Amino acid sequence: AWTEDKLIFYKERFDNVKVKLERWYGVTIDIQDPEILDYRFTGTFDEETFEQALLALKKAARFDYQIKKKLVTIKPI
């Protein structure tokens, strides 16, 4: 997928998705509740901004986030 300039994941735990997002968008993601790491996601991002990607993931799972420069804090709702 990276050869096509796409970020793709299929039924992946959020701990794996987190690593991919951090590398892809050059951010650091701090998870406030370990249960969030068990969430599973399937998705493809190619031209989305980081915030657009987070909004899409937020629609699929229950969490909230705060962005301060390159640090993103994710917590349960």
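Strands β4 and β5 form a hairpin with two residues between them, and K69 in the turn has a positive phi of about 60°. This is a predicted model: local features need pLDDT of at least 70, side-chain atom pairs count only at pLDDT 80 or more, and totals for chains, interfaces and linings use all residues. Residues are numbered from 1 along each chain as its sequence is written, and side-chain values use heavy atoms, with hydrogens and water left out. Helices (H or I, at least four residues) and strands (E, at least two) are DSSP runs, numbered from the N terminus.

**Sheet**

- Three strands make an open sheet in the order β2-β5-β4, with mixed pairing. Two strands pair if DSSP finds at least two bridges between them.
- β2 and β4 (64–68) are the edge strands, each pairing on one side only.
- Neighbouring strands of this sheet are turned by 20° against each other on average, direction ignored. Angles run from 0 to 180 degrees between N-to-C directions, and axes are lines fitted to C-alpha atoms, for helices over the stretch in contact.
- β2 and β5 (residues 71–75) run parallel and are joined by four bridges. On this side, I29 stands opposite V72 in β5, and I31 stands opposite I74.
- β4 and β5 pair in the antiparallel sense over five bridges. Here Y65 has I74 of β5 as its bridge partner, and K68 has L71.
- Side chains alternate along β2 (residues 28–31). Buried means under 20% relative accessible area, exposed over 50%, and partly exposed in between (1.4 Å probe, protein chains only).

**Helix against helix**

- α1 and α2 (residues 50–60) pack at an angle of about 165°, with their axes 11 Å apart.
- The two helices, α1 and α2, are therefore roughly antiparallel to each other. Angles under 35 degrees count as roughly parallel, over 145 as roughly antiparallel, 65 to 115 as roughly perpendicular and the rest as oblique.
- α1 passes α2 in a right-handed crossing. A crossing is right-handed if the near helix is turned clockwise from the far one by less than a right angle, and left-handed if anticlockwise.
- F14, V17, L21 and Y25 of α1 make the contact with F50, A53 and L57 of α2. Contact means heavy atoms within 4.5 Å.

**E22 in α1**

- E22 sits in helix α1 (residues 14–25). E22 is buried, at 18% relative accessible area.
- The E22 side chain reaches the backbone nitrogen of I29 at 2.8 Å. Such a polar contact is a pair of N or O atoms within 3.5 Å; within protein, one must be able to donate a hydrogen and the other to accept it, and residues adjacent in sequence count only if both atoms are side-chain atoms.
- Neighbours within four places in sequence aside, E22 is in contact with V27, T28 and I29.

- F50 belongs to helix α2 and is buried, with a relative accessible area of 11%.
- Leaving aside neighbours within four places in sequence, F50 is in contact with L21, Y25, V27, I29, I67 and V72.
- F50 and Q32 are 18 residues apart in sequence and 19 Å apart in space, C-alpha to C-alpha.
- A56 lies in helix α2 and counts as partly exposed, at 36% relative accessibility.
- A56 and G43 are 13 residues apart in sequence and 9.0 Å apart in space, C-alpha to C-alpha.

**Positive phi**

- Most residues other than glycine have a negative phi.
- K69, in the loop between β4 and β5, has a positive phi near 60° without being a glycine. At 81% relative accessibility, K69 counts as exposed.
- K11 has a positive phi of about 50° although K11 is not a glycine. K11 lies in strand β1 (residues 7–13) and is exposed, at 53% relative accessible area.
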